[in-house]
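Trainee: I have the model open and would like to go through some of the terms used for it. Can we take them one at a time?

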Amino acid sequence: SFQFSARGHWSTWPAFGSEQTILGNHKPCCAPEERRSSNKQALLTVPKPRYLEELESYLRKELRSLDLTKNNSQELKLQPYREIFEFFIDNFKTYKPLLSAIKNEYEVTLAHQKKRIRALEPLKAMVTTVSDECTQRILALQEKEKDEIHMLKQEKQRLLKFIDNMKEEKSSLQAQVEHLQTSVTEEYARYLNEHGARKLLLAKLNDMHNERLEMTQRQAQGRERGVSGEDAVKLTLALKVARQDLTKAQVKLNAMMADYGDVVPRRDFESLEKKYSDVLQEMKALREGFDQLRREYETLLEIHRETAQERDNFCAQLQRVQQNRTPRPNWAKCSEVIPGGAERWDCLAEGKTSEELVDVLLEEIGTGALREINVFPGWGKGDKVPVYLRHEGEVKNKKLTKKDVVNTLKDVWKEKIALEQQTGERCSLPEFFLSYLQKKYGDAAAMEWSYTLYENMRLCRSNHVLSSFYDVLTGKVDEEHYRGQNQLISHLQKELAARDSSNSGSLTSQHTAVREAFPLKRKESIQELVDASRYRLDGTEDLINYISLFKEDEEGNAAPFIAKLRSQYVREKQEYLRQLKNKLGDLTEVKADDLNAAFCSIDPNIDGQTLDTYVGLASQAGREEPDREAVPVGTVLERLLTGDVRRVGPSPVEGSTAGFEGE
């Protein structure tokens, strides 16, 4: 291709060599590699234009002067190329519009890509948050499903054992019924045999009776022959009467034998009837129990079928969620880049969730980047700029350690409290913060300390000393919120020390002491504090060093016991405000009278001074303004959330432990 020379006319370099040289080195049928090597040799014999050499020299010089170790090294490296391209555009007058359009289009495209990258950065944090939420939901569903399935399996096993027992009892009763039926059959056969034997006996008795009658007749005939004076007519009549009586007795006997031949004795009949009645009642009871058991079994079978279907649905849902969710990161890799190595990372990550680990990692990254910054850009001197950040131009970074920042902020609190106790008046923390720095370090260095402390507080949100000072300094929470937490901790410390009669610094059990210090806390909260106090102890140890529970490390990090106490303070405040919101009902705006009634309803033991303080904080007005305007409920709750608002007396109705933020 052609290139433009330094004098403004077309240059054929690297093709301005003699055509004979080029054609002599060109072989149409040679391989591409041979052709490329021959062209390269031809180029080496042709000198470059002077303007091209100047541009290449300028580019090499600019690239050597750049610091390519910074994060934006690629942008810095692009700048010399932009300048070279602008030199081309300025020298090529004819093609300047086209080249300028090309350059502008590239710049617009680069700006558009940067804008898209910045827009996608918040989505990364949102994806991480959604991933953690899904993980927590999945774990909760798994735990809930595991407990329910375990309970259903136990109930199923119990019912199966009950069914087996009933089946065994039924088999036993069936065997008894069969045994009784066999006994009845045997008794019936025995009575039938007795009936046949009785008939034979009656037939023999009749034969013997007839023989006896014939013998009697023969004897009577012999006596008639021997008695000469007896009347024959009288004997004939007696014989006739005797025969009639015999016939009647025989007919009656035959009739009785015919009627009662198959009849059993009443005693045996009543005994068998009683046994039969008992067996029948028992069989009816067993049948009813069996029917009831069968119905229960069918019901449980249906419940089991529904439970199995729900379990299958949950399993399928769990598999879908597991397929769609983002894999959990391997947090152990962070120990390779965090200063201090694995030991410090294990200390930072102990007992924290994924969201908290992200905050810790961002804090470490932020503080690392902060140490590399030499100056901060000033915020200006506008009215909207905080008084402790009003400065024009650049401000030097003092590059303080976290320990130095914590000690400085603690000293600020200490000096402020001493000044307020001396004067008896409250002063604004932002103004006192600036005056403290000016008094201690001078006006020139005060802004350097102020900017350095502010940036450290803004980044280190996991440190309570820095985060609480930052929230009060920026107005996110009221100073009373910070003082209220400190009062709780001081009150508990005094209560534990009062119970330590030997001044040994240890107590055998803190359950009673914590209950007496916080009578309004629930049993679950008391148990959480006791568990937190035994965090570093074995299960068999009972002696607790309560003094160590209130100690902080050199960076201001408190023990788990104090962290749990502070989290309960925030949670109880949110619960208190949730009850207040429920009491206000559907109201969108409230006045002082509405707030007074609502507070007295949810906290009957609240005193007048505390009530006026809460209402004044909610309406942002003093006691001299009885006729206050209506304030939106959301604004009221936000204002109360920033102050030291807590329950004074026991709750009239135990409510849910759900936080106000979850509403």
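Mentor: Start with an end cap. In this predicted model, Asn463 caps the N-terminal end of H12, with a side-chain oxygen 3.1 Å from the backbone nitrogen of Val465.

Trainee: Why is helix H12 called largely enclosed?

Mentor: H12 covers residues 464–474, and nine of its 11 residues are buried, so the rest of the structure largely encloses it. The buried residues are Val465, Leu466, Ser467, Ser468, Phe469, Tyr470, Asp471, Val472 and Leu473. Their cover includes helices H10 (402–423), H11 (429–459) and H13 (479–499). Just after H12, Gly475 has a positive phi of about 85°.

Trainee: How do you know that Asn397 is buried or exposed?

Mentor: Buried means under 20% relative accessible area. Asn397 has 4% relative accessibility, so it counts as buried. Asn397 sits in the loop between strand E4 (394–396) and H10. Leaving aside neighbours within four places in sequence, its contacts are Leu370, Ile373, Asn374, Val375, Phe376 and Thr452. A polar atom of the Asn397 side chain also lies 2.9 Å from the backbone nitrogen of Lys399.

Trainee: Why is H3 called roughly antiparallel to H4?

Mentor: The axes of H3 (residues 50–65) and H4 (residues 73–91) cross at roughly 160° and come within 9 Å. Angles over 145 degrees count as roughly antiparallel, so H3 is roughly antiparallel to H4. Their crossing is right-handed.

Trainee: Which residues of H3 and H4 meet?

Mentor: From H3, Tyr51, Leu55, Tyr58, Leu59, Glu62 and Leu63 take part; from H4, Lys77, Pro80, Tyr81, Glu83, Ile84, Phe87, Phe88 and Asn91. By class, that contact has 10 nonpolar, one polar and three charged residues.

Trainee: What is the angle between H16 and H19, and how are they described?

Mentor: H16 (residues 560–584) and H19 (residues 633–642) pack at about 160°, with axes 11 Å apart. With the limit at 145 degrees, that makes H16 roughly antiparallel to H19. This crossing is right-handed. Lys573, Gln574, Leu577, Leu580, Lys581 and Leu584 of H16 meet Val633, Leu637, Leu640, Leu641 and Thr642 of H19. By class, the contact has seven nonpolar, two polar and two charged residues.

Note on methods. Residues are numbered from 1 along each chain as its sequence is written. This is a predicted model: local features need pLDDT of at least 70, side-chain atom pairs count only at pLDDT 80 or more; totals for chains, interfaces and linings use all residues. Side-chain values use heavy atoms; hydrogens and water are left out. Axes are lines fitted to C-alpha atoms, for helices over the stretch in contact, and angles run from 0 to 180 degrees between N-to-C directions. Helices (H or I, at least four residues) and strands (E, at least two) are DSSP runs, numbered from the N terminus. Angles under 35 degrees count as roughly parallel, over 145 as roughly antiparallel, 65 to 115 as roughly perpendicular and the rest as oblique. A crossing is left-handed if the near helix is turned anticlockwise from the far one by less than a right angle, and right-handed if clockwise. Contact means heavy atoms within 4.5 Å. Ala, Val, Leu, Ile, Met, Phe, Trp, Tyr, Cys and Pro count as nonpolar, Asp, Glu, Lys and Arg as charged, and the others, Gly among them, as polar. Buried means under 20% relative accessible area, exposed over 50%, partly exposed in between (1.4 Å probe, protein chains only). A polar contact is a pair of N or O atoms within 3.5 Å; within protein, one must be able to donate a hydrogen and the other to accept it, and residues adjacent in sequence count only if both atoms are side-chain atoms.
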